[in-house]
Amino acid sequence: MNALTLQWHDAGQARTQNIYEQQPSKNPGTVRIGRDPLRCDIVVSNPTVSGLHVEIFFHPQQQRFYIRNLRSQNPPLVDRQQLVQGELPLTEGSIIHLGQMEVKVTAVSINSIPATILTPPIPPIGSTHPTRPPINQQPQVQIRHHQHPPISPAPPPGVYGLECSKCHKVSPPENLQVGCPWCGTSLAAAVSVLVAPNH
């Protein structure tokens with residue numbers, strides 16, 4: 001069975017989690033990571049991680065695991081590349097930064113079964129112009145090269161805040177357990193936003 005192993009530290013404890021190709025999850029086909037226990041399969045408490053941050057899935061044609069960003073305002077870093085759109089492949093040793101939390105891919109196990117050869121469909125009888133089926137196109141992975149300055153291994157500098165889902169005011173991460181100081185709403189499912197640093 002195809003599997004990927006993640007390792008990270010959360011609330012001072014080392015955590016390890018295996019992700020399998022056909023793993024049951026809240027969003028079938030993917031495993032989602034974030035702070036919101038209602039939407040995520042791997043739930044973390046780090047306040048710099050978004051409620052629903054990224055998802056990891058196995059691509060059967062490519063025979064690889066990929067990561068996809070689900071939070072445009074708080075994009076992850078994957079092997080020092082900022083992942084704003086699309087997805088990136090994960091390999092053993094890949095480093096993922098979700099906010100200020102570092103997640104490492106410690107193992108990738110892929111069963112090297114030969115890919116099934118797909119035969120083209122037989123054209124209907126009487127067809128004078130049989131058409132060849134389109135070749136399976138691989139999904140395009142969008143990596144933006146020239147729009148971002150080189151990124152250092154450390155997460156980007158800045159201050160993270162929690163945006164209240166009700167009044168949309170941004171609180172410091174320390175209020176995660178207390179709730180929104182303006183309207184009292186729980187911040188467990190609040191959106192983590194990167195507040196630009198003062199220059």
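Tutor: Before we start, a word on terms: helices (H or I, at least four residues) and strands (E, at least two) are DSSP runs, numbered from the N terminus. This is a predicted model, where local features need pLDDT of at least 70, side-chain atom pairs count only at pLDDT 80 or more, and totals for chains, interfaces and linings use all residues. Residues are numbered from 1 along each chain as its sequence is written, and side-chain values use heavy atoms, with hydrogens and water left out.

Student: Thanks! Where is Asp79, then?

Tutor: Asp79 sits in the loop between β7 (77–78) and β8 (81–82). Its phi is near 50°, a positive value in a residue other than glycine.

Student: And what about phi of Arg80?

Tutor: Arg80 also has a positive phi, near 70°, and is a residue other than glycine. Arg80 lies in the loop between β7 and β8.

Student: Is Arg80 buried or exposed?

Tutor: Exposed, with a relative accessible area of 54%. Asp79 counts as partly exposed, at 38% relative accessibility. Here buried means under 20% relative accessible area, exposed over 50%, and partly exposed in between (1.4 Å probe, protein chains only).

Student: Switching to the sheet: what is the strand order?

Tutor: The order is β4-β3-β5-β6-β9, an open sheet of 5 strands with mixed pairing. Two strands pair if DSSP finds at least two bridges between them.

Student: Which are the edge strands?

Tutor: Those are β4 (42–43) and β9 (87–90), each pairing on one side only.

Student: How many bridges join β3 to β4?

Tutor: There are 2 bridges between β3 (residues 30–34) and β4, and these strands run parallel. Ile33 has Ile42 in β4 as its bridge partner.
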